[in-house]
Amino acid sequence: MLRIDLEGHFQEKIDREERIEAKDWMPEAYRKTLIRQISQHAHSEIVGMLPEGNWISRAPSLKRKAILLAKIQDEAGHGLYLYSACETLGIDRDELLNELHTGKAKYSSIFNYPALTWADMGAIGWLVDGAAIMNQIPLCRTSYGPYSRAMIRICKEESFHQRQGYEIMLTLSRGSTVQKNMAQDALNRWWWPSIMMFGPNDSDSTHSAQSIKWKIKRFSNDELRQRFIDMTVPQAELIGLKIPDPDLKWNEERKSYDFGKINWDEFWNVVKGNGPCNKQRLRDRVKAHEDGAWVRDAAVAYAEKKRSGRVN
Ligand code: BYC
C-alpha cells in the first residue's frame, strides 16, 4: 500500500514537471535507468576524446590546434559532470569506470569509427556534436535534477563544437578540389553512423516508453533522428556537399525528409564490440586510466595529509 502511494506520488511529481532530486524517494527501476543512461553518456564523452585527440598534433594551424584542444577538454569536463551526476544516485565512480574498462558498459557506437583525415574533425564536430545537441537539448529538461542541470552547460559547449566542425567543412568545401573531396569523403563515412547514434528505431527501443513516461527522455529516438536529418540536409546543401543517401527526398506532405534504410546489422555489430575501433578505443582508454594512477595517488596522499593536519 505504502509502495503504491510512493510510486503514485513520484509519478505525479514528474507529471507536474517538478525535478526529482538525489535524496527524494524514487523507484529502483528509475534509479537503475538513470545510472545506465548517465554512465553510458559519461563514458561516451570520455571515449569520444580519443578519435579527435589523435589529430591534435596534426592540426593544420596553431589556431585549429587551439580550438581542437579546447573542444576535447570540454568533452573531458562533460564526462566529469556526468560521472558526478551519476554518483548522486549512489554508485561509485570506480565501479562505473571498471564497467567501462572491462567492456561491460556501453558507450556511443559513433566513437568506434576511425578519424582518417583532418576533414573528419569537421565531420565529427558538425554531425556528431550536431546529433548530440539534438539529443541532449531535451535532456536539459530531463526529470532528474542533477542530470538536467549538468546538461545545460554541456549543451552550450556542444553548440560551439558543432559550429567549429561546420566551419572546418565550410573552409574545406571552398578550398581546392582535393580539400573539397576530403570533406565529401568525411561526410560519406560519418553520415550513417551519425544517424545511428540516436539508437534503434522506436519499435526496437527497449527503454523508450518507460523513459518517456518518467520524462527522462522527452522525445523518441526516431523523432530526434528525423529532426537531425531535417536540420542537417540544408546545411550540407549550403556548402555544396552531398548526403550519401540516394533515397533522401523531401516529403512535402510530411514537411520532412524521407531517407534510406539504416543498416541495423552494422549498428548492433558495433554496439556488441565488433566495430572497426572498439578494441583500440578500450585499450587506449584503459592505458590512459593506468597512466593517470599517479595523479589519483597524489590526490589521495594530499587529502590524507590535510586530514591529519600536516598541511595548511
Ligand atoms: N550506441 O532502448 P534504447 C557525445 C543501446 S556523447 C551504443 O533506445 P535508451 C559526444 C542502449 O544503451 C553521445 N548503444 O536505449 C561526445 C540500449 O542498451 P542497454 C552519447 C546504444 O537509453 C564527445 C539499447 O541500445 N549521448 O555526443 O532509451 C564528442 C536499446 O536502446 C546506442 C548520450 O549518451 C548507441 N548509439 O536510448 C562529441 C545521450 N543507442 O543500455 C559528442 C544520453 C542505443 O539496454 N542518452 N544504444 O544495454 C540517450 O539519450 C539514450 O540513452 C539513447 C538510447 C538515445 C542513446
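Mentor: α2 gives the most to the shell around the ligand, with six residues. Helices here are DSSP runs (H or I, at least four residues), numbered from the N terminus. Before going on, note that this is a predicted model, where local features need pLDDT of at least 70, side-chain atom pairs count only at pLDDT 80 or more, and totals for chains, interfaces and linings use all residues. Residues are numbered from 1 along each chain as its sequence is written, and side-chain values use heavy atoms, with hydrogens and water left out.

Trainee: How many residues surround the ligand, and which are the closest?
Mentor: A residue is near a molecule if one of its heavy atoms lies within 4 Å of it. Here 33 residues surround the ligand, and Lys 106, Ser 205, His 207, Lys 217 and Asn 221 are the closest. By class, the shell has 13 nonpolar, 13 polar and seven charged residues; Ala, Val, Leu, Ile, Met, Phe, Trp, Tyr, Cys and Pro count as nonpolar, Asp, Glu, Lys and Arg as charged, and the others, Gly among them, as polar.

Trainee: Which polar backbone atoms lie 2.9 Å and 3.1 Å from a nitrogen atom of the ligand?
Mentor: A polar contact is a pair of N or O atoms within 3.5 Å. A polar backbone atom of Ser 109 is 2.9 Å from a ligand nitrogen, and one of Met 197 is 3.1 Å from a ligand nitrogen. Ser 205 uses a polar side-chain atom, 2.7 Å from a ligand oxygen. The protein covers 91% of the 1,000 Å² of accessible area that the ligand has on its own (Shrake-Rupley method, 1.4 Å probe).

Trainee: Where does the ligand sit?
Mentor: A pocket is an open set of points on a 1 Å grid over the protein atoms alone, where a 1.4 Å probe fits, with protein on both sides within 12 Å along at least five of seven lines; lining residues have an atom within 4 Å of a point. A molecule sits in one if more than half of its atoms lie within 2 Å of its grid points. The ligand sits in the largest pocket, which has a volume of about 1,000 Å³, the space filled by probe spheres set on the points, joined across faces, edges and corners. Of its 44 lining residues, Gln 40, Asn 135, Met 197, Phe 198 and Gly 199 are the closest to its centre.

Trainee: Which helix supplies the largest share of that lining?
Mentor: That is α6, with seven residues.

Technical notes. Helix = DSSP H or I, 4+ residues; strand = E, 2+ residues; numbered from the N terminus. Polar contact = N/O pair within 3.5 Å; in protein donor to acceptor, adjacent residues only side chain to side chain.
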